[in-house]
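Subject: Structure for you to look at

Hi,

Here is the structure I promised to pass on. Please open it alongside this email.

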Amino acid sequence: MIRISELLVLAAGLMAAILGALFIDSGLLFLLCEVLVIFLLAQMWNLLAGFSGQMSLGHQAFVGLGAYTLFYIANHTAIPLWLVLALVPCLIGLLAIPLGLVMFHLKQAYFAVGMWVVAEILMQLTAKAQWLGGTSGMTLRPGGTMLSGEPERPAFAIAAFGAVALVVALRVFLRTRLGLATLALRENEAAAASAGVDVKRLHLILFCLTAAGTSAAGGLYYITSLYITPQDAFQINWMITMMFVTVIGGLGTLTGPALGTIILIGAREAMTAAGYSGGQYWIVMGAAAVIVLLLAPRGLWPALAPRIRAAFTTSTKSKA
Amino acid sequence: MGATEPVLLRVQGATKTFGSIQAVDMVDLELRIGESVGLIGPNGAGKSTFLSLLSGDQQVSAGRVSFEGRDISRVPAHARVVAGIARAAQIPQTFGRLSLRENVLLPSLFGARLPQREAEDWCREVLAMVGLDARPDVPAGALGLLDRKRLELAKAVAARPRLLLLDEIAAGLTEPEVETIMALVRRLQAGRAIVWVEHIPAALRGTCERLVVMDKGAKTHDGPFAEVWADRSLQEIYMGVPDDDISAH
């Protein structure tokens, strides 16, 4: 069950989310929203690829599906925008059940590439769909009117609390029996089945959960940008970002994606401020990825965590 | 005592083909609670494939596997564990980053379907049974070969199977270590049936009262251990030469 310390973290997260939304400057809020969305997306992909062992190269499909579903429902109904945002993960999570049942016939690399194909097909279909604005996309007009106020403020509050709540939820989940089965899946799928775990069902549960989470994060991102096109929402760059952040930080760990996100966005902001171009930034990031994976194949966090823990215990010992 | 018990496992004409290769060929087998069967045969005889037909890791191409009167030929592996069939693999399939306790907890929760608290107690009991209860919180990846084999056995036992399949669990161990494993298996015999595939006859002799021999996918012998072991045609299977040829030269 949930621990007191985790409840305290949740409460602190809620406070920080509300205070941040009220007092942080609007420009910084946009950046923070982006950081938090990337973290949420990466954590979702991490749950699927890192824990469940199912590498998907097409999770941008759920970013696009989530955002388009949100825009369409918000624009064509009177349902309040933030309620639509809560509805989107439920819808996309359900949609992922039949998709998963079909895609699971493909294994490993075939599944990964198959998911990518799904995302590309969705992009093409969306571009052809005139009722979704075709290639020129859609503007967010909840109930037919322009969004008033500053959507980045509630968006930040939701993203910030969502990020904290997600980590707490994952920690709690990994302590349950289904969580233990997920950890076992990460180690050895055949052995998990030999222990009586219905591996296919567990894969499907995790696939749907990550689809739902990814769609919610996608919807949230496009609320702050107010505008969506198929080429943007279904782009492979979402996938590259999720993968980069997770693999550099530490696949199959809860802290890894947070560390990866900080590196990705921190380096971008620092290099942009110093006057480097986007191309140069990606060269540096690519080189950083190669170096990290050569020195610490399991990612930065699994490499650093034992040292941090050791430093911490020796320092507390010397104090005592 | 075995004959008075009802039939637990009934295999009828089990056959497994891979392309043109007949790995298991029309094998029949009946097992009762309390029976321990040693299964031997030369390399490639189809012993491990036969075990996987029982565990559900592979499914029969033809024939039938019934367990407690129910046809389970098409039931997948995880559901057979729940039904009461567990296998200890030849190469220990442990979860390296999980603790010993968690390794055993998983089959207690999912295989034996125990509620959390009962499962925790059962885990302690199983770990004590195999002699791994001193440090239940170390990760399984830190164990040596004998301890990994013990843990593999513990995982199978934790699922509370009525049919326990042992696939060369003594292979690669030293003689005293084999003794340890034998003693363990003997403690597991009560209340269940065991099928033990092993290349070390001494390990089987001390534990199994019945011996089954497979060769080229087919069952060639089935009977009391001493009787089958003394059978002269057994040498023929292992040496690949008829007895007469040996005496003639």
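Below is what I found in it, topic by topic.

**Confidence**

Please keep in mind that this is a predicted model. For the complex, the predictor reports an ipTM of 0.87 and a pTM of 0.87. The mean pLDDT of chain B is 89, and 94% of its residues score at least 70. Within chain B, confidence is highest in helix H3 (residues 100-110), at 96. It is lowest in helix H10 (residues 243-248) of chain B, where the mean is 49. Where pLDDT is low, the predicted coordinates should not be read in detail.

**Where the chains meet**

Chain A brings 16 residues to the contact, and chain B brings 20 residues. On the chain A side, helix H7 (177-187) and helix H8 (189-194) each supply at least two residues. H7(A) gives the largest share of that side, with six residues. By type, the chain A side holds ten nonpolar, three polar and three charged residues.

**Two domains in chain A**

Chain A splits into domain 1 (4-234) and domain 2 (236-320). Their centres, taken over C-alpha atoms, are 22 Å apart. In the contact between them, 20 residues of domain 1 of chain A meet 17 residues of domain 2 of chain A. Three helices of chain A each supply at least two residues of the domain 1 side: helix H2 (26-51), helix H3 (60-76) and helix H6 (152-175). The largest share of that side is eleven residues, and it comes from H2(A). The domain 1 side is made up of twelve nonpolar, six polar and two charged residues.

**A covered helix in chain B**

Go back to H3(B). Ten of its eleven residues are buried, so this helix is largely enclosed by the rest of the structure. Among the buried residues are Leu100(B), Arg101(B), Asn103(B) and Phe110(B). What covers them? Part of the cover is H7 of chain A, along with helix H4 (116-129) and helix H5 (145-158) of chain B. Note H7(A) here: this is the helix with the largest share of the chain A side that touches chain B.

**A covered strand in chain B**

Next, look at strand E8 (residues 193-197) of chain B. Five of its five residues are buried. Both faces of E8(B) are covered. Ala193(B), Val195(B) and Val197(B) lie on one side, and Ile194(B) and Trp196(B) lie on the other.

Which strands pair with E8(B)? One is strand E3 (residues 36-40) of chain B, parallel to E8(B) over four bridges. In this region, Leu39(B) stands opposite Val197(B). Strand E7 (residues 163-167) of chain B also pairs with E8(B) in the parallel sense, over five bridges. There, Leu164(B) has Ile194(B) as its bridge partner. From E7(B), the chain passes through helix H6 (residues 175-188) of chain B to reach E8(B), and this β-α-β crossover is right-handed.

**One residue to check**

Gln235(B) sits in helix H9 (residues 233-239) of chain B. Is Gln235(B) buried or partly exposed? It counts as partly exposed, because it has 13 C-beta neighbours inside 10 Å. Gln235(B) and Trp196(B) are 39 residues apart along the chain, with 20 Å between their C-alpha atoms.

Best wishes

Conventions: Residues are numbered from 1 along each chain as its sequence is written. Chains are lettered from A and ligands numbered from 1 in the order in which they are written. This is a predicted model: local features need pLDDT of at least 70, side-chain atom pairs count only at pLDDT 80 or more; totals for chains, interfaces and linings use all residues. Two residues are in contact if their C-beta atoms, placed from the backbone, lie within 7 Å. Ala, Val, Leu, Ile, Met, Phe, Trp, Tyr, Cys and Pro count as nonpolar, Asp, Glu, Lys and Arg as charged, and the others, Gly among them, as polar. Domain bounds come from an automatic or database domain assignment. pLDDT is the predictor's confidence in each residue, from 0 to 100. A residue is buried if 20 or more other C-beta atoms lie within 10 Å of its own, exposed if 12 or fewer, and partly exposed in between; C-beta atoms are placed from the backbone. Two strands pair if DSSP finds at least two bridges between them. A crossover is right-handed if, with the strands pointing away from the viewer, the path from the first strand over the helix to the second runs clockwise.
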